[in-house]
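Hello,

Here is the structure I promised to hand over. Please open it alongside this note.

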Amino acid sequence: MAAELTINETTPVAKGTVIFEKGDELTCVALVLKGRVAVRSSGILVTLGSGNFLGICDVLRGEHSFTYVAGDGVTVYPLPVNDVSRVKKLIEGKAQYRGLLVTSQNFLIRDLNKAFKKLQSTVHEMREFLIASYATYQKEAQDSGVIPQEVPSLARLEAEIIEDPKLPSGVNYYLEAASVEVEAQRAFLGAKSLIAFRHYMEQCELFPPLIDGCRIYGEWVFKFFRSLIMDEKNLFTFVTRTALDIKKSGQKNERLSALVDELIAKIDEVETVLIETVGTDPKLNRTHMQALYMALLSDDIHAEVEIDEQDLSVLNGSLTQIIEYSGVDEEVGKNFRDSLDAFMRLTDKFGRTKEAMAVRKKVTEPFFIVYEAAVKRSFNDPKPPLAVKLFLTYGYASEELLTEEDLRTLISLPDIGAGQLDCHIYTMAEWLKEIYEGRKLPSKDEFDEDYEEHVRKDHAKDKRAFDTAMSDANAKLHFEVDNLFKYADRLINGNISTFIPVLCSEGILTTLSTAAVTGAAINAAVRKVEKIDYSIFFREIRSFYEEIDLNNFTNIDRFTPDFILFPVCGGGCQMWQDIEGKVKTTHARILMPTLSENGIDGMVLRMMAHFRWEKCRTDMGANWNNYRYPSLTSEYTDYLQFYKKNSELSPEKKEKVKAQLTQAGNRHRDVFTKDYTDWILKEAVGAMRLNKVSRDILFTYCPISQEISAGLVTQTSYADAAKRHTMEQKKLEKNLTNVMHKFTKNGVDIPPEIEKTRKFLLEA
């Protein structure tokens with residue numbers, strides 16, 4: 001739930017409400033008047049109370065570094081500050097804000113530094129503890145005549161080096177400043193605006209390294225916690241099971257039993273750090289842990305550990321299973337195995353160092369070769385091994401890359417295509433089968449070139465070779481993998497610089513159980529949009545009826561998009577193409593991840609906006625931005641190009657349009673997408689967010705269904721647009737009535753496509 005903030009007005013905020021979201025554009029800041037606010041970022045959780053400014057530290061960046069969540073009884077005062085000039089104006093104009101603003105920054109720096117130091121000490125203490133505990137386990141097991149189990153992540157730990165992030169020297173200055181009595185700080189800073197502004201600018205430079213340092217240490221803590229208890233092969237499980245085995249053999253190893261208690265204490269301690277300092281709840285399932293511990297404490301040496309959990313042993317050696325199933329040659333298989341092993345050994349798997357980037361690239365290259373071979377074999381295999389199925393659907397490659405909890409969640413996710421689906425939903429494996437078996441044409445590549453154009457370039461003068469290539473299933477499959485899957489997988493993941501195609505718990509920034517994308521969820525989101533924008537999927541079809549001497553009539557038919565789900569976890573999505581080949585009366589192709597870090601409704605709404613835009617561009621051809629040929633894209637382009645001269649826009653509205661264009665990098669489609677989102681979510685319920693010009697265009701080309709628009713057209717703001725839309729509809733209805741009369745007059749049954757068109761116009 002997001003907060004509704006009113007600028008320059010005291011605003012109460014309900015508990016649990018998000019005041020600002022990390023990554024969102026910074027449009028204003030807010031002063032906390034009452035209550036406490038949780039401040040979260042990657043690897044950090046702190047709390048701010050009254051007298052603190054929310055978002056002020058990110059004005060220079062233009063987007064929020066933190067997510068701010070209200071606690072009990074929070075009241076804030078939003079201020080129209082979204083760039084450094086407004087901060088300066090605020091400091092110069094109101095002396096009382098100077099001290100508040102800079103001391104607020106001081107306290108946040110202090111809290112972040114405190115968390116940084118806490119995480120730093122936790123990381124180094126955990127490393128020493130794990131290395132020592134692992135060594136103790138191995139020694140005690142061997143001394144008791146038991147072969148110790150290997151914990152892969154800990155076996156590599158001693159060779160790993162923790163590179164401590166360095167903080168700027170300026171941090172110490174502002175830590176000292178934060179320790180000065182508050183009233184003294186505010187009196188000094190409030191005296192001169194120049195002093196306050198200089199402090200503010202220096203403070204803003206300190207937040208990125210503090211935040212990044214906390215993120216790095218937070219990732220280390222979580223990584224160590226996985227080795228301790230969450231991985232399938234974790235230290236606690238092996239130590240406790242070994243102690244149980246020794247006990248059942250009639251021996252007693254006090255040191256090993258004591259080590260179990262030490263591990264439990266460390267698990268409790270680090271779980272608290274993850275929740276309270278890192279801000280990440282590992283959602284540790286203690287059932288297994290407690291069952292093992294109780295069995296160890298029991299006087300019955302034959303006590304059994306009873307745990308009702310699905311057996312994960314079928315996933316042991318998943319990478320080997322996948323490579324063997326694919327049947328790739330030995331060199332490719334070895335490259336995939338070696339590169340993935342190198343990735344597992346990385347200290348920071350998603351770091352931006354040259355080493356980490358090179359390793360991820362080496363994993364990426366053989367991944368798609370193995371995938372293509374495995375998916376091709378699966379076309380004739382109704383029941384591939386579970387590891388292969390997870391590989392094809394989610395990009396899963398190894399049980400060592402996921403926590404046990406993530407593994408259990410992954411194998412229990414719902415069927416992607418279950419339920420009554422209006423839009424077709426395909427996993428990547430299902431989509432590639434459609435291509436291979438000829439039911440779908442290969443997609444366009446990144447340069448908007450389709451398969452036929454690609455083949456024609458290679459065989460321009462050899463018709464036989466051209467025909468052979470056009471019917472070559474293997475060539476079409478490879479084209480789709482090479483030009484759609486391989487290229488767009490990175491875009492759908494959304495993390496371009498840290499992308500890797502395999503699923504890894506350390507790269508999952510959400511909870512798997514809530515991340516699963518299903519056909520039912522996509523279709524539900526699509527229906528929400530279509531209920532408002534009822535004409536979005538209808539395309540015009542030119543028809544000819546000789547029986548009534550009619551040579552040119554426009555019918556309407558509905559073509560919903562196909563959704564292709566990529567085997568990746570991410571937050572990206574793409575409107576890849578709005579038609580198949582060059583035929584307008586076909587289905588669009590929209591790309592989404594099988595595991596989404598973002599809400600499905602928001603992703604689908606954004607894709608519907610992109611679809612609206614691209615559909616119009618295709619329909620209009622070369623005239624898509626020519627105002628002499630009225631259309632959605634041409635009128636929007638004209639509006640955005642010449643908004644400064646538009647007499648229908650006030651100076652304030654013009655400034656807003658300018659800000660929209662700047663934010664969108666002057667990309668007109670992105671501005672339209674934001675307006676379309678407001679059109680569906682806000683304007684359709686009477687909450688006006690658009691200016692008159694954009695509202696008129698949207699009402700004309702993305703009309704709201706009668707059921708919803710009935711209560712809007714009486715409002716003055718909608719009157720002109722509604723009048724224009726009504727006139728156009730009456731022309732269409734009159735034309736249709738005349739055509740239907742001709743059929744009746746000539747004793748000819750009215751064709752079903754005309755009945756469909758009539759039904760469409762009645763809903764308009």
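Below is what turned up, starting with a sheet and moving on to salt bridges.

Please keep in mind that this is a predicted model.

**Sheet.** Four strands form an open sheet in the order β1-β8-β3-β6, with antiparallel pairing. Its edge strands are β1 (11–13) and β6 (53–54), each of which pairs on one side only. Strands β3 (residues 29–34) and β8 (residues 74–79) run antiparallel and share 5 bridges. Val32 has Val76, in β8, as its bridge partner.

**Salt bridges.** The count is 43. One of them joins Asp72 to Lys15, with the closest N and O atoms 3.7 Å apart. Asp72 sits in the loop between β7 (67–70) and β8, and Lys15 in the loop between β1 and β2 (18–20), so the pair ties together parts 57 residues apart in sequence. Both Asp72 and Lys15 are exposed.

Glu453 bonds to Lys582 in another salt bridge, at 3.5 Å between the closest N and O atoms. This pair also links distant parts of the chain: Glu453 is in helix α16 (residues 451–458), Lys582 in the loop between β13 (574–577) and β14 (589–596), 129 residues away. Glu453 is partly exposed at 29% relative accessibility. Lys582 is exposed at 62%. Shared partners also join Lys440, Asp562, Glu580 and Arg589 into one salt-bridge network.

Glu437 and Arg439 meet at 2.6 Å, N to O. Glu437 is partly exposed, at 38%. Arg439 is partly exposed too, at 46%.

Gln321 lies in helix α10 (residues 318–326). Its relative accessible area is 22%, so it counts as partly exposed; the cut-off for buried is under 20%.

Best wishes

Technical notes:
Residues are numbered from 1 along each chain as its sequence is written. This is a predicted model: local features need pLDDT of at least 70, side-chain atom pairs count only at pLDDT 80 or more; totals for chains, interfaces and linings use all residues. Side-chain values use heavy atoms; hydrogens and water are left out. Two strands pair if DSSP finds at least two bridges between them. Helices (H or I, at least four residues) and strands (E, at least two) are DSSP runs, numbered from the N terminus. Buried means under 20% relative accessible area, exposed over 50%, partly exposed in between (1.4 Å probe, protein chains only). A salt bridge is a side-chain nitrogen of Lys or Arg within 4 Å of a carboxyl oxygen of Asp or Glu.
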